[in-house]
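Have a look at it first, and then read on.

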Amino acid sequence: AQRLAIMGAMDQEISILLEALNKPKVTTRGGIDFYTGKLKGKKVVIVKAGIGKVNAAYSTAVLTQNFKLDGLIFTGVAGGLHPEALPGDIVIGTALVQVDFGLLDAEGFTPWNFRDLSGEPHPELLLAADSSLVQLSLEASKLADYQSISRRQPRVFQGVISTSDLFVSDPEKANWLYTKFNSLATEMEGAAVAHICRLLGMPFVVIRSCSDNANTDAHVNFSEFVGPAAANSANLVLRMVELM
Ligand code: ADE
């Protein structure tokens, strides 16, 4: 085994992992700080990418060019789109799709990956996660310690996660992302990480916990739940590393 990479976009998304990191060492490359050490006895490198697709793609590129890696896990929060997804719930990304890549004209925005097709996402732009990492995430999700955010235990969903450079806070846009892309959650980094990993043949998975439902309450919910939701995702990742 070489090293496992764990990436988040914000401090809240990696703080629990950094606290659990044994003998941490910081290495700065390309302006990005990488934290190496052992997590549950396994060699890891943890990085905060920053928000959005450009940050995510850049950090993934610098990361993969500077460390010998077995795989990459992205952990963080997302806007839940599935009608039954509540804050705190887990979404394991089996595939990632960029939804703000396309054509802007008088008719409005048309995602490029749907331009020549009706309904189904273009296979090149629906980026599948590594099936072993997905399987491991599912196993870990049954063992993880979760914070209680909503009135029931967190539910675990698996399916498509959509990515754009936009924080979504509108129920109609959320429904469009759910129906058009079949995506269960929406966020701002996953598909960019997936794209770079695919170019390099790097196994990856994206784990998210819902901080909000991408609706009119999204900003308020995000502020309240970003901490505990990020913790739910990070705790799942800790269990995953333990199972490896
Ligand atoms: N991350 C968390 N909530 C989000 C939302 N509503 N839109 C995009 N990214 C998010």
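1. A word on the model. This is a predicted model, in which local features need pLDDT of at least 70 and side-chain atom pairs count only at pLDDT 80 or more, while totals for chains, interfaces and linings use all residues. Residues are numbered from 1 along each chain as its sequence is written.

2. Start with helix α1 (residues 11-20) and helix α6 (residues 218-243), whose axes are 7 Å apart at an angle of about 45 degrees. Axes are lines fitted to C-alpha atoms, for helices over the stretch in contact, and angles run from 0 to 180 degrees between N-to-C directions. Helices (H or I, at least four residues) and strands (E, at least two) are DSSP runs, numbered from the N terminus. The two helices are therefore oblique to each other; angles under 35 degrees count as roughly parallel, over 145 as roughly antiparallel, 65 to 115 as roughly perpendicular and the rest as oblique.

3. On the α1 side, the contact with α6 includes Ile-16, Leu-17 and Ala-20, and on the α6 side Ala-230, Ala-234 and Leu-238 are among the residues. Contact here requires C-beta atoms, placed from the backbone, within 7 Å. Nine of the contact residues are nonpolar, three polar and one charged. Ala, Val, Leu, Ile, Met, Phe, Trp, Tyr, Cys and Pro count as nonpolar, Asp, Glu, Lys and Arg as charged, and the others, Gly among them, as polar.

4. Next, look at helix α2 (residues 53-66) and helix α5 (residues 190-200), which pack at about 30 degrees with axes 8 Å apart. Among the residues that make this contact are Ala-57 and Thr-60 of α2 and Val-193 and Ile-196 of α5. The contact residues comprise eight nonpolar, three polar and one charged.

5. Which residues come nearest the ligand? Of the 14 around it, these are Gly-79, Phe-167, Val-168, Ala-214 and Ala-218, where near means a C-beta atom, placed from the backbone, within 6 Å. Strand β5 (69-80) gives the largest share of the shell, three residues. The shell as a whole has eight nonpolar, four polar and two charged residues.

6. Ala-214 lies in the loop between β12 and α6, and counts as buried because it has 30 C-beta neighbours inside 10 Å. The cut-offs are 20 or more for buried, 12 or fewer for exposed, and partly exposed in between.

7. Asn-182 also has a positive phi, near 60 degrees. Asn-182 sits in the loop between α4 (171-181) and β11, and with 17 C-beta neighbours inside 10 Å counts as partly exposed.

Terms used:
Contact = placed C-beta atoms within 7 Å.
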